[in-house]
Amino acid sequence: MELTISFFSGFQPSDLLYLTQAAWRTLLISILSISIGTVLGGLFGWMMYEGKWAAALTLGPLLDVFRSVPLIIQLVLFYNFAPIIGLNLDPFLSGVVILSIYCASLVANVARGGMEAVGQPMRRAARSLGMTYWQDLRYVVLPIGGRAVFPSWVGVALGVMKDSALVSVLGYIELLKASQILITRTQEPLLILTIAGAFYFALSYPISRYAATLEKRWSS
Amino acid sequence: MIEIRGLEKYFGTLQVLKGIDLDIPKGEVLSIIGASGSGKSTLLYCINGLEAIQAGTVTVAGTDVHAKGTDINKLRQKMGMVFQQWNSFPHLTALENVALAPQIVKGKSKAEARDIAAKQLEHVGLGDKLHVYPSALSGGQQQRLAIARALAMEPDYMLFDEATSALDPELVGEVLDTMRLLAEEGMTMICVTHEMSFARDVSDRVAFFNQGVIEEIDTPENIFGSPKSEHLQKFLSNIR
């Protein structure tokens, strides 16, 4: 009869399923954060563009804080201080909140750049046709400016997806956290990190390919 | 009918329009000439409500452009404007460029807007370029596209702000021909221009701007044949 308990066991096929589920959670938190962050960032960018100095004095420095403080610090601080103000968020929601704000702070500058890229003469031409301010924004500024800054936005989105790995410090079991757990059990860090890296690549690559296709279509 | 009374416009402390009085009856073609910085273009922007004014009134078809309650977007539908830079929408084909405003501003159906657009592009001689993107058009073609885009709103007035100034010399003719065509069709037009031959041949009246005032306004024959003011004489002799 075997009495010793084995702590370590090698990499098994079922671990691949475990990693796939973790990759799904990485994808989930990324899609949510990037979507919310893009909408908020577009709004902030518009405020900074239109609000001029008022927004530049208030919103600008605030977004600078979120852009400048390392994400891991933001996550730990928010997760631990949020309960004090009555927000009892689990690691997943805390991660979504911080990643969204972080994404928004990056997208805000991209969005403002896009609006500036359209230029006053183009907007006056649109308004001279009888378009309202909002029609001009929707049908002229958004498509023209959006295309101009689309590559920058893709860069931000891919960055946020990779940075979502940091939510692992809160205990949310996404791809990186799952890898750490498996490494502890299997003692095979190189193999597991290679697999995790391949998962991240598999998540990013279709996005950058699709973005490249879009850019190509627009430029022709 | 466009009526301008005592119009004054400042950029900061710089006064660019110093009390303009001007009536443009329906069907008239008015050319505005004068040196750069004399306020010609600013006047057009004030008529269209793209620039705020500090004193006076601009009335278009009985509506005060700068009054608080005026629906400026509705009023602008009556005034087509063509700019020095043509500003075609780069993400839309020629047809879509022209069809956009009728569809979203006037609420026409997509098919109807496209019909109007095709008709107007034909009108300015771009009937074979319907599905071409602006990047594949020459400057002259893009400027005609801009004219078609303005015409698609079926305006009563057309404002041209140095429509040919940014064009290569060999492309000026086609745009001027389009403007001539509009004039012949009876469109009311205000043309800020440096093309003296156009001003002479096509206009009913010519206004000479100098430092924010209309220094002389008369028939082309009198403006070019027997200019009264010293500034105008000097301006014309510099051009010739």
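1. The contact, defined as heavy atoms within 4.5 Å, draws on 17 residues from chain A and 22 residues from chain B. This is a predicted model, in which local features need pLDDT of at least 70 and side-chain atom pairs count only at pLDDT 80 or more, whereas totals for chains, interfaces and linings use all residues. Residues are numbered from 1 along each chain as its sequence is written, chains are lettered from A in the order in which they are written, and side-chain values use heavy atoms, with hydrogens and water left out.

2. Between chain A and chain B the buried area is about 1,800 Å² (the accessible area, 1.4 Å probe, that two parts lose on being put together, summed over both). Carbon and sulfur atoms give 65% of this area. A:R124, A:S128 and A:L129 supply 37% of what chain A buries against chain B, more than any other three residues.

3. One salt bridge is counted between the two chains (a side-chain nitrogen of Lys or Arg within 4 Å of a carboxyl oxygen of Asp or Glu). A:R124 forms a salt bridge with B:E51, with the closest N and O atoms 2.7 Å apart.

4. On the side of chain A that touches chain B, α5 (120-128) and α6 (133-163) each supply at least two residues; helices are DSSP runs (H or I, at least four residues), numbered from the N terminus. The largest share, seven residues, comes from α5(A).

5. In chain B, helix α8 (residues 220-225) contains B:F224. B:F224 counts as buried because its relative accessibility is 9%, the limit being under 20% relative accessible area (1.4 Å probe, protein chains only).

Technical notes
Buried < 20%, exposed > 50% of the residue type's maximum accessible area, 1.4 Å probe, protein only.
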